[in-house]
Amino acid sequence: MSSRYILLDLDETLYPASNGLMDLVRDRIVEYIVLRLGVSVEEAEEYRSRYLREYGVTLGGLRHEHGVDVRDYMEFVHDVPHSDYISPNPELDAMLARLDSVKVIFTNADCSHVRRVLSALGVDLGHFHSIFDYEAAGCYPKPELEAYRRILDHLGADGDECILVEDNLRNLAPARRIFGMRTVLVDADGSRRARGGPEDAADWVIRDILDLERVLEQSRLNSEP
Ligand SMILES: [Mg+2]
């Protein structure tokens, strides 16, 4: 059975982590905490890593403990020059056009950032059924189970009809174990596995998003009677 639904993470999945865009976003997050909470850079770094650990995303802690506004935060931290960091990837656009499954962007970021990333990649928004972002998920970020429940609900899909493609093992684990999705880890240099997370969370590991088509083909062949 080929998967009816392909759920694609955005950041460091559709473009290589090595381009440095997310380093810049992380700097913006620290800057945001400094400005809004009136703390030092060192304290802001501590908040960032603690909230990331405890809530899955920094914004979780900022919302629950400091009443930070989602849109204010998203706008500030993603206010970066996307096209200076992301190169056009016409092969990705062509590959997505060939994949006949329903494709959805499943991200803890926001729609406006998704649009800017796709535009810098030269990837047509029309390939996607929808963008399922932090707010669409009711502000439940991956890896909270509610985020996966909500995207399945949104699609009217069962977990075993889906493949989740991600650069983060932590987000793949519940998808596979709890919801029965098949999972693909994008890991260019082994750093994602080194970062930790359950080793068995990924059914496949690829170095580049362009290898996805090959994996999908294999999975189709393997599951044919
Ligand atoms: Mg990612």
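User: Which residues touch the most other members of the largest nonpolar core?

Analyst: In this predicted model, where local features need pLDDT of at least 70, side-chain atom pairs count only at pLDDT 80 or more, and totals for chains, interfaces and linings use all residues, they are Leu 7, Val 117, Leu 121 and Val 165, out of 45 residues in that core. Residues are numbered from 1 along each chain as its sequence is written. A nonpolar core here is a set of buried Ala, Val, Leu, Ile, Met, Phe, Trp, Tyr and Cys residues joined through C-beta atoms within 7 Å. A residue is buried if 20 or more other C-beta atoms lie within 10 Å of its own, exposed if 12 or fewer, and partly exposed in between, with C-beta atoms placed from the backbone.

User: Which helix gives the largest share of this core?

Analyst: Helix α7 (residues 111-121) does, with five residues; helices (H or I, at least four residues) and strands (E, at least two) are DSSP runs, numbered from the N terminus.

User: And what is Val 117 in contact with, leaving aside its neighbours within four places in sequence?

Analyst: Val 117 is in contact with Leu 10, Leu 14, Tyr 15, His 82 and Ile 86, where contact means that the C-beta atoms of two residues, placed from the backbone, lie within 7 Å.

User: Back to Leu 7, which way does it point from its strand?

Analyst: From strand β1 (residues 5-8), Leu 7 points one way together with Tyr 5, while Ile 6 and Leu 8 point the other way, and all are buried. Leu 7 stands opposite Val 104 in β2, and the bridge partner of Ile 6 in β4 is Ile 163.

User: What is the order of the strands in the open sheet?

Analyst: The six strands run β3-β2-β1-β4-β5-β6, with parallel pairing; two strands pair if DSSP finds at least two bridges between them. Because β3 (128-132) and β6 (204-206) stand at the edges, each with a single partner strand, one side of each is left without a neighbour in the sheet.

User: New topic: at roughly what angle do the axes of helices α2 and α3 cross?

Analyst: The axes of α2 (residues 41-55) and α3 (residues 58-66) cross at roughly 95° and come within 6 Å, the axes being lines fitted to C-alpha atoms, for helices over the stretch in contact, with angles from 0 to 180 degrees between N-to-C directions. That makes α2 roughly perpendicular to α3; angles under 35 degrees count as roughly parallel, over 145 as roughly antiparallel, 65 to 115 as roughly perpendicular and the rest as oblique.
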